[in-house]
Amino acid sequence: MEETAKQDLVFLELRRKLQSGILFVRGDIARDGADVKVESKHDSLLNIQTADGSYQVNLTPGVSLVETSCQKSPGSSEHTSHFRLRLRVEPESEAPCSVIGRLRVNVTYSFQCQSCGSMVLQDRAFGRVLPLPNGNWNALVDDWCCHPDPFANRKLLPRDGDCLLGDTFILLARDSSCEQTLTRQDNSSQKASAEQKRVSKRVMLSCTSCSAVLGEELSAEVLKFYITEILVKPGEDGGCDITRLSLEPKSDSIRQRFLEQTLASRLVELSSAQSIFRFSIQTPDGTAVILLWLLNTDTLVASFPGESFISTGDVHPREHQSCQAVQAVKVLYVLCSDSKLKDVVDVWEKDISVHPLPLPQSSCEELQKLLMSSTFRLPAFLRCMNSYQVAYMRM
């Protein structure tokens, strides 16, 4: 019963490519399922009627319900009723880009701390915006180089006016504008093993205003910023940020939404450009925290969490609720800290096709909580697939 209480009252998953969807209604409001009616009042508006009230889902333009296509699935249980739908789908628009996909040459940008909104770098324009090689490129050198590795012990670093794009970070040349806005944090320690001493050379960069870690100092001239920690705004339009989340008053939900959007968009970009679907979320020192398997990128989701409704003491409990269906990616994941799944983790770590995605330690922990929260809100029978947990990340 406790697990059911965490579950969303209504959860809707639509698949553009399959032109179909599935609707889950929690048992305490669906009853035997006969009281649930689904109809499309007009294009792109889905109305779900239950005995307790109505739930309206605004679909994205170009997606609508095929009338009379809603059929109750025989797999329904006492805890959840589910219904299958058919959709009309127009050609899909492009998925939202991450900041990595939006940076351009000869455009002036300002960089802000995502946590507090303080300006970190101002009025930076780039003569070159170039992608760095694939995260596993060093391991593949021997396969396409017939002589000793010419890149051994050499780093690819930006010159003045360059912006180099990694998978989850950008590299910039240092300038005088960051002297008052960034603080260096040396991780050195007196008592350290050989491995820890190697890691201790890492110098982290934090926001002077709020102490949030934003990236690393790779050398005296080169800065590394993680895209999960900064907002990037075109200089000529301070109200438009290309990270797509405005600087509203800060809260945990705003931060989680930003992290979710940023990483989901980046996963879609990498899978589309490089046909990569399995990722290892790692800390800056290469320690794997989460193994992530990207399943679907054509998904729309909408949900009505139980805590969002009017309390039962009100006159019209659950009378009417509405929400917007949003693009999302469906993922399978494994937490590397789970000792029961050590065999799965070992196999992934030895597989060169698994793509590493480095993030600050704090962001790895936030992502872990975000994925687990998504899992717990799903109907119980949807939460697992073999050894993996199931989650959705909204774009």
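## Lining of the second largest pocket

In this predicted model, the lining of the second largest pocket comprises 10 nonpolar, six polar and seven charged residues. The space within this pocket amounts to about 620 Å³. Its lining is made up of 23 residues, and those closest to the pocket centre are Glu260, Ser303, Ser374, Arg377 and Arg394.

Strand S17, which spans residues 222-226, is mostly covered, with five of its five residues buried. The burial extends to both faces of the strand. On one side lie Val222, Lys224 and Tyr226, and on the other Leu223 and Phe225; all of these residues are buried. The charged residue Lys224 is thus listed on the side that also holds Val222 and Tyr226.

Strands of a sheet pair through backbone hydrogen bonds, in either the parallel or the antiparallel sense. S17 pairs in the antiparallel sense with strand S13 (residues 169-173), over five bridges. Within S17, Phe225 has Ile170 standing opposite. Strand S16 (residues 213-219) also pairs with S17 in the antiparallel sense, here over four bridges. Ser219 stands opposite Val222 of S17, and S16 and S17 form a hairpin with two residues between them.

## The three-stranded open sheet

Which order do the strands of the open three-stranded sheet follow? The order is S10-S9-S18, and the pairing is antiparallel. Strand S10 (119-124) and strand S18 (230-234) each have a single partner strand and stand at the edges, so one side of each is left without a neighbour in the sheet. Neighbouring strands of this sheet are turned against each other by 15° on average, with direction ignored.

The contact between strand S9 (residues 109-113) and S18 is antiparallel and consists of five bridges. In this pairing, Tyr109 stands opposite Pro234 of S18.

Terms used:
Residues numbered from 1 in each chain as written. Predicted model: local features only at pLDDT ≥ 70, side-chain atom pairs only at ≥ 80, totals over all residues. Heavy atoms only, no water. Buried < 20%, exposed > 50% of the residue type's maximum accessible area, 1.4 Å probe, protein only. Pairing = 2+ DSSP bridges. 1 Å grid on protein atoms, 1.4 Å probe; cavity = no way out; pocket = protein on both sides within 12 Å on 5 of 7 lines; lining within 4 Å. Points joined across faces, edges and corners; volume = space filled by probe spheres on them. Axes fitted to C-alpha atoms, helices over the stretch in contact; angles between N-to-C directions.
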